[in-house]
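Please look through the structure below before reading on.

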Amino acid sequence: MSQDKDGRSPQQRAAEHLKKILRNAAVGGAALGLSSGCGSCGPTVCDPLPPPICDNSPTTATFLNGGYATAEATWVARDAGGLMVHVSLGLNGMGANLDFAADPAVSGASVVAVQRDATAVTIDFVPDAGASRIEVVVQLACESKPEALKLAFDVSKPQAGSAVAVSSLE
């Protein structure tokens, strides 16, 4: 194994070099975080996180794609005969104060049952005769700001136990 003039092996030189890089990165990172280039004046700590979801007037797609809300729907048999759609909506605030604020408004169907708490809603509805799409709007309180989850359900292919396609109305 070759050693340098100070008697250090390549592994020792590499380890010392990496320690120096890490030490410089830590000092440099702290200096960057407290530099005035990030703020308007004086020492400033920069927050690299995006603003909370509620500050950006989020769309339904933003809620669903970002994991803040979930929507699932399935065709189920009714006790009275025929089929209905069972919808489960859920919220995961992920640091935001996100709640269901009111019962859903359903167009194109007769609502059989609704259960709601702050973070979950279940809806059972029977589509109107000839309906192929049902629209559901649920009001949300997003950091106390009014928002809405606006969903469309494709009910064109009723079959017990099958999933119902859910999409955003926005």
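## Basis and overall make-up

This is a predicted model, in which local features need pLDDT of at least 70 and side-chain atom pairs count only at pLDDT 80 or more, while totals for chains, interfaces and linings use all residues. Residues are numbered from 1 along each chain as its sequence is written, and side-chain values use heavy atoms, with hydrogens and water left out.

The chain contains two helices and nine strands, where helices (H or I, at least four residues) and strands (E, at least two) are DSSP runs numbered from the N terminus. Along the sequence these elements follow the pattern α-α-β-β-β-β-β-β-β-β-β. Of the 170 residues, 25% are buried, a term that stands for under 20% relative accessible area, with exposed meaning over 50% and partly exposed the range in between (1.4 Å probe, protein chains only).

## An open sheet of four strands

Four strands form an open sheet in the order S1-S2-S6-S5, with antiparallel pairing; two strands pair if DSSP finds at least two bridges between them. At the edges are strand S1 (69-77) and strand S5 (109-116), each of which pairs on one side only.

The pairing of S1 with S2 runs over nine bridges, and one of the partners is Ala-69 with Leu-91 in S2. Five residues lie between these two strands in their hairpin, where Gly-81 takes a positive phi near 95°. S2 is also joined to S6, by six antiparallel bridges, and here Val-87 has Ile-123 in S6 as its bridge partner. Seven bridges then join S5 to S6, with Arg-116 standing opposite Val-121 in S6.

## Strand S7 and its partners

S7 pairs in the antiparallel sense with S8 over ten bridges, and Glu-135 has Ala-152 in S8 as its bridge partner. The hairpin of S7 and S8 has two residues between the strands, and Glu-143 in the turn has a positive phi of about 55°. S7 also pairs with S3 over three bridges and with strand S4 (residues 105-107) over three bridges.

In a regular strand the side chains alternate between the two faces of the sheet.

## The core and its aromatic pair

The largest nonpolar core has 27 residues, and Phe-125 and Phe-153 have the most contacts inside it. Such a core is a set of buried Ala, Val, Leu, Ile, Met, Phe, Trp, Tyr and Cys residues joined through side-chain atoms within 4.5 Å. The largest share of this core, five residues, comes from S7.

Phe-125 and Phe-153 are both buried, and they form an edge-to-face aromatic pair at 6.0 Å centre to centre, with 70° between the planes. Rings of Phe, Tyr and Trp (its six-membered ring) pair if their centres lie within 6.5 Å, and planes under 30 degrees apart count as stacked, over 60 as edge-to-face and the rest as tilted. Phe-125 lies in strand S6 (residues 120-127) and Phe-153 in strand S8 (residues 145-154), so the pair ties together parts that are 28 residues apart in sequence. Leaving aside neighbours within four places in sequence, Phe-153 is in contact with several residues, including Ala-73, Val-87, Ile-134 and Val-166, where contact means heavy atoms within 4.5 Å.
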